[in-house]
Amino acid sequence: MNPLQIIEKYYPPHLPGWHILTEHSRMVTGKALEVIRKHPELNADSRFIAEAAMIHDIGIFMTNAPDLYCFGDKPYICHGYLGHDIMVKEGFLKHALVCERHTGAGLSIDDIINQQLPIPHRDMLPQSIEEQIICYADKFYSKSGSLDSEKPIEKIRKSLLKFGEEQLKRFEYWHSMFG
C-alpha cells in the first residue's frame, strides 16, 4: 500500500472530512513542491515531499474537531502524534516523523512540558529538510474556511507567536530559507 492509499483507508471519499483533508493536503503539497522548485540547492526529495505532505494530517479524524468533521475523543493538538502512530502501524516510518513533527513550527519537549500539552513528552521538531519544508508549507493553509486561500504572512506570524517566541523564530528562519 502506498501512503496515498492510506488516506482512503481512514477517510471514505464520500465524507466531508475526506474533502477537507485532501484539499488542505493538496495545497500544502503544492506549496512544498514550489519551495523545492525555487531552491534546488536544498537537494530535497520531491517524491517523498509529495507523499508526506499529502498524509501529514492523517490523524485528525481521531480528534474532536467537529468543524472539520472529525469526531474522535482526543484534543486537536494530538493529531500529529496520532498520525505518527498510524503511519508506523502502516510501515511508513519516515512519513510518520512528518506527521509528528509538523504541528506549529514543531514542538520541543520544553514546549510540551511548559504548556502542559496532552501529547507524549519527546522532541517533535522537524529535523530533515523535507520535514522542515512541509512544516513551513503547512502554515500557509487552514483546514477551516477557504481551503485554497494562502494565509498572509502576518497572520501566520501572529498565530505562531501565541505559542511562544521559539515557534516564530523557527518559522522566520524557514521563511528566510524557503520564501
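**Notes on helix packing**

1. The axes of H3 and H7 come within 10 Å and cross at roughly 45°, where axes are lines fitted to C-alpha atoms, for helices over the stretch in contact, and angles run from 0 to 180 degrees between N-to-C directions. H3 and H7 are therefore oblique to each other, a word for angles that are not under 35 degrees (roughly parallel), over 145 (roughly antiparallel) or 65 to 115 (roughly perpendicular). Phe 48, Ile 49, Ala 52 and Ala 53 of H3 make the contact with Glu 130, Ile 133 and Ile 134 of H7, contact meaning heavy atoms within 4.5 Å.

2. This is a predicted model, in which local features need pLDDT of at least 70 and side-chain atom pairs count only at pLDDT 80 or more, while totals for chains, interfaces and linings use all residues. Residues are numbered from 1 along each chain as its sequence is written, and side-chain values use heavy atoms, with hydrogens and water left out.

3. H1 and H3 pack with their axes 8 Å apart, at an angle of about 15°, and that makes H1 roughly parallel to H3. On the H1 side Pro 3, Leu 4 and Ile 7 meet Glu 51, Met 54 and Ile 55 of H3.

4. In helix H5 (residues 93-101), the buried residues are His 95, Ala 96, Val 98, Cys 99, Glu 100 and Arg 101, buried meaning under 20% relative accessible area with a 1.4 Å probe, protein chains only. Their cover includes helices H1 (3-10), H3 (46-55), H4 (79-89) and H7 (129-138).

Technical notes: Buried < 20%, exposed > 50% of the residue type's maximum accessible area, 1.4 Å probe, protein only. Helix = DSSP H or I, 4+ residues; strand = E, 2+ residues; numbered from the N terminus.
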